[in-house]
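Dear colleague,

Please find below the structure I am handing over to you, followed by an account of what was found in it.

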Amino acid sequence: AAGTDGSVIEVRDRGQGIPAEERERILLPFERLERDSRLPGTGLGLAVVASVAERHGGTVALEDREGGGTVARIALPPVPNER
């Protein structure tokens with residue numbers, strides 16, 4: 001959704017979810033959930049998303065999805081008028 005209040009992008013999944021106490025940590029580079037340690041990956045995906053959002057003045061929030069899974073919400077501020 002775009003507008004004068006900025007934009008919000010949501011990505012929802014139906015996976016196992018992310019424990020509340022781990023959500024901030026997994027936004028850091030090379031951090032992964034212990035349960036995922038045997039799966040391929042580097043722990044950079046969410047860190048890159050968070051870094052890009054922050055460099056644009058935005059935020060990333062991870063929440064439980066009703067019925068199971070996770071919602072990743074990226075909020076970006078409005079683009080300044082360049083007139």
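I begin with Arg 23, which lies in the loop between β1 (7–12) and α1 (45–55); helices (H or I, at least four residues) and strands (E, at least two) are DSSP runs, numbered from the N terminus. The model is a predicted one, in which local features need pLDDT of at least 70 and side-chain atom pairs count only at pLDDT 80 or more, while totals for chains, interfaces and linings use all residues. Residues are numbered from 1 along each chain as its sequence is written, and side-chain values use heavy atoms, with hydrogens and water left out.

Arg 23 counts as buried because its relative accessibility is 15%; buried means under 20% relative accessible area, exposed over 50%, and partly exposed in between (1.4 Å probe, protein chains only). Its side chain reaches the backbone oxygen of Ile 18 at 3.0 Å. Apart from neighbours within four places in sequence, Arg 23 is in contact with Ile 18, Leu 62, Glu 63 and Asp 64, contact meaning heavy atoms within 4.5 Å.

Phe 30 also has its place in the loop between β1 and α1. This residue is exposed, with a relative accessible area of 59%. Phe 30 has a positive phi of about 70° although it is not a glycine; most residues other than glycine have a negative phi.

Turning to α1, its buried residues are Ala 47, Ala 50 and Ala 53. Seen down the helix axis, they fall within an arc of 130°, so they line one face of α1; the arc is that of the directions from the helix axis to the C-beta atoms. The cover over these buried residues includes β2 (59–64) and β3. Gly 45 and Arg 55 are exposed on the other side of α1. Just after α1, Gly 57 takes a positive phi of about 80°.

Finally, the pocket lining may be of interest to you. β1, α1 and β3 (70–76) each supply at least two residues of the lining of the largest pocket. The largest share, three residues, comes from β3. On a 1 Å grid over the protein atoms alone, a pocket is an open set of points where a 1.4 Å probe fits, with protein on both sides within 12 Å along at least five of seven lines, and lining residues have an atom within 4 Å of a point.

Yours sincerely

Notes:
A polar contact is a pair of N or O atoms within 3.5 Å; within protein, one must be able to donate a hydrogen and the other to accept it, and residues adjacent in sequence count only if both atoms are side-chain atoms.
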